[in-house]
Amino acid sequence: MNAYASNATYATTTTIGAKQSYSTFGFNLPGGSINVDGIGLKLEAKGSTATGSIEVALSWDGGTSTTTAKTTGTLTGSDVVYELGGASDTWGRSWTKDELTDANFRV
């Protein structure tokens, strides 16, 4: 799928307000008890015009529930890497290891 690599192929939509869901990241978290101190996400994007933005929310239950969305800056006509969240940003919730699985975690 075009959304998983930085390789000049793109996941696209021309619909304003369209939603896309991405999963199966293959996280390999260590066994035992873990603390999730933050989740960072990098998003490479461009617009066909220098307008609009992308909202990103995270889900812990297969897409049924989501965090409050974070928004990129205004898109440009060139590829830009936007960083949302970070090492100390939990997106407003406490995460468990079981929520960060291919079956549950969605962007």
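Let's start with burial: a residue is called buried under 20% relative accessible area, exposed over 50%, and partly exposed in between (1.4 Å probe, protein chains only). Gly-38 is partly exposed, because its relative accessible area is 25%. This is a predicted model, where local features need pLDDT of at least 70, side-chain atom pairs count only at pLDDT 80 or more, and totals for chains, interfaces and linings use all residues. Residues are numbered from 1 along each chain as its sequence is written, and side-chain values use heavy atoms, with hydrogens and water left out.

Now for the overall layout. The protein has zero helices and four strands; helices (H or I, at least four residues) and strands (E, at least two) are DSSP runs, numbered from the N terminus. Read from that end, the elements go β-β-β-β. The C-alpha trace spans about 45 × 25 × 25 Å along its principal axes, and 23% of the 107 residues count as buried. Back to Gly-38, which is in the segment before β1: Gly-38 and Arg-93 are 55 residues apart in sequence, yet 9.7 Å apart in space, C-alpha to C-alpha.

What about the inside? In soluble globular proteins, nonpolar side chains tend to be buried together. Here the largest nonpolar core has 15 residues, and Ile-39, Leu-58 and Trp-95 touch the most other members. β1 and β4 are the elements that give two or more residues to this core, and β1 gives the most, with three residues. A nonpolar core, by the way, is a set of buried Ala, Val, Leu, Ile, Met, Phe, Trp, Tyr and Cys residues joined through side-chain atoms within 4.5 Å. Trp-95 counts as buried because its relative accessibility is 6%.

The aromatic rings deserve a look of their own. The structure holds five aromatic pairs; rings of Phe, Tyr and Trp (its six-membered ring) pair if their centres lie within 6.5 Å, and planes under 30 degrees apart count as stacked, over 60 as edge-to-face and the rest as tilted. Trp-60 and Trp-95 make an edge-to-face pair, 6.1 Å centre to centre with 85° between the planes. That pair links distant parts of the chain, 35 residues apart: Trp-60 is in the loop between β2 (55-56) and β3 (70-71), while Trp-95 is in the segment after β4 (80-85). Ring pairs also join Phe-25, Phe-27, Trp-60, Trp-95 and Phe-105 into a cluster.

Phe-27 lies in the segment before β1 (40-45) and counts as partly exposed, because its relative accessibility is 42%.

Trp-91 brings us to the backbone. Most residues other than glycine have a negative phi, and most peptide bonds are trans. Trp-91, though not a glycine, has a positive phi of about 60°. Trp-91 is found in the segment after β4 and is buried, because its relative accessible area is 5%. Thr-24 is not a glycine either, and has a positive phi of about 60°. Thr-24 lies in the segment before β1 and is exposed, because its relative accessible area is 54%.
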